[in-house]
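These notebook entries record what I looked up in the structure shown below.

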Amino acid sequence: MLKVVAIMLSGMAVGFLMRKRRLRVVPHAVTVLIWLLLFFLGVEVGENPQVIQGISHLGVEALWLSLSGLVGTIAFSWALWKWVSRQKGGDGK
Amino acid sequence: MKGSLIIVGFFILGIVCGVMHWLPDLNAYGNVSFLTLCALLFCVGMTVGNNTTLLKSFTKLDPRLMLLPLMTITGTLAATAIASLGMPGRSLTECLAVGSGFGYYSLSSILITQYNGPELGTVALLANIIREIFTLLGAPLLVRFFGPLAPISCGGATTMDTTLPIITRYSGENFVLISLFHGFLVDFSVPFLVTFFCTL
């Protein structure tokens with residue numbers, strides 16, 4: 001976790017040093033790297049027979065629990081966003 | 001929508017490659033995906049550091065947004081408690097322990113396996129992987145229908161690492177700092193809440 005934070009901070013430092021220039025390539029790199037990461041996540045899931053077989057046995061329980069948790073969390077964060085953006089008057093950005 | 005479909009496409013392609021064993025050396029990929037993650041975080045850091053107006057915007061950040069981690073935790077636990085009523089085979093505390101993973105599947109499944117056995121541990125692993133995948137894939141739609149805080153809340157404990165790039169991409173760079181703040185707090189709550197519900 002410390003490593004992850006350190007990498008982020010060094011990226012921020014490099015970006016700050018280059019603040020005189022518009023880094024147009026970086027957002028495109030982010031998109032491509034997201035694709036790669038999702039591909040690797042898929043490979044990990046596909047290569048793990050426990051996960052693949054487990055999906056048929058325990059997957060329904062997991063799906064039920066995670067989806068209901070997500071519904072609750074979306075509802076609460078939506079309420080917070082409505083509250084915050086209404087008092088700011090407008091789109092809240 | 002198009003962005004989301006492309007992402008699903010890459011994920012499915014990955015699963016197919018994994019199941020078919022088209023790619024050599026399984027263990028090397030953990031490392032490659034970690035390095036990819038590092039590259040991503042570095043790029044995200046660069047966009048943040050490059051945008052000096054963002055740093056100024058953080059000082060103007062609404063303190064009420066600091067309530068977001070609390071919303072994530074209470075929202076998830078309240079809904080999971082209700083969901084446990086529909087699962088006769090599982091107790092309330094077992095369901096809450098699974099919910100308390102907040103997407104942090106590696107740690108929560110290990111902890112739950114230790115306290116409650118591998119069966120519930122597998123449920124925790126799958127439930128929290130689903131949560132992370134849902135956040136990664138659903139982020140564009142979540143932002144559109146429920147505002148920029150929704151993917152942060154869904155990301156749970158992962159919003160300071162794995163889901164941070166996608167949140168930056170779809171919620172906007174203005175939400176990077178609240179995402180880091182949120183991920184930090186929720187991440188720390190996972191070991192405490194999971195063990196708490198497992199030992200009740």
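**Entry 1: confidence.** I began by noting that this is a predicted model. It scores ipTM 0.77 and pTM 0.73. For chain B I read a mean pLDDT of 85, with 90% of its residues at 70 or more. I then asked which elements of chain B have the lowest and the highest mean pLDDT. The lowest belongs to helix H3 (residues 52-59) of chain B, at 65, and the highest to H8(B), at 97.

**Entry 2: chain B as a whole.** I counted the elements and found 10 helices and 0 strands in chain B. From the N terminus the order is therefore written α-α-α-α-α-α-α-α-α-α. The radius of gyration of chain B is 18 Å, close to the 16 Å from the globule rule for 200 residues, so chain B is as compact as a globular protein of that length. I also noted that the C-alpha trace of chain B spans about 50 × 50 × 25 Å along its principal axes. Of its 200 residues, 54% count as buried. Among contacts in chain B between residues at least 6 apart in sequence, 65% join residues at least 24 apart.

**Entry 3: chain A.** Chain A has 4 helices and 0 strands, in the pattern α-α-α-α along the sequence. I found that 32% of its 93 residues count as buried. I looked next at helix H2 (residues 25-47) of chain A. Its 23 residues should span 33 Å at 1.5 Å a residue, and the end C-alpha atoms are 33 Å apart, which agrees. The buried residues of H2(A) include A:Leu37, A:Leu38, A:Phe39, A:Phe40 and A:Leu41; A:Glu47 is also buried.

**Entry 4: the contact between the chains.** How many residues of each chain take part in the contact? I recorded 73 residues of chain B in contact with 60 residues of chain A. Elements giving two or more residues to that side of chain B include helix H1 (2-20), helix H2 (26-50), helix H4 (68-84) and helix H7 (118-146) of chain B. H2(B) gives the most, with 19 residues. By class, I noted 47 nonpolar, 20 polar and 6 charged residues on the side of chain B that touches chain A.

**Entry 5: H4(B).** I checked the length of H4(B): its 17 residues should span 24 Å at 1.5 Å a residue, and its end C-alpha atoms are 24 Å apart, which agrees. Is H4(B) largely enclosed or largely open? I found 12 of its 17 residues buried, so the rest of the structure largely encloses H4(B). Among the buried residues are B:Leu68, B:Pro69, B:Met71, B:Gly75 and B:Ser84.

**Entry 6: H6(B).** For helix H6 (residues 105-116) of chain B, 12 residues at 1.5 Å each should span 16 Å; the end C-alpha atoms are 15 Å apart, which agrees. I listed the buried residues of H6(B) as B:Tyr105, B:Ser108, B:Ser109, B:Leu111, B:Ile112 and B:Asn116. What covers the buried residues of H6(B) includes H5, H7 and helix H10 (176-199) of chain B. Finally, I noted that B:Gly117 follows H6(B) and has a positive phi, near 95°.

Methods
Residues numbered from 1 in each chain as written. Chains lettered and ligands numbered in written order. Predicted model: local features only at pLDDT ≥ 70, side-chain atom pairs only at ≥ 80, totals over all residues. Contact = placed C-beta atoms within 7 Å. Nonpolar A, V, L, I, M, F, W, Y, C, P; charged D, E, K, R; others polar. Rg over C-alpha atoms; globule rule 2.2 N^0.38 Å. Buried ≥ 20, exposed ≤ 12 C-beta atoms within 10 Å, placed from the backbone. Expected span 1.5 Å × (residues − 1). pLDDT = per-residue confidence, 0-100.
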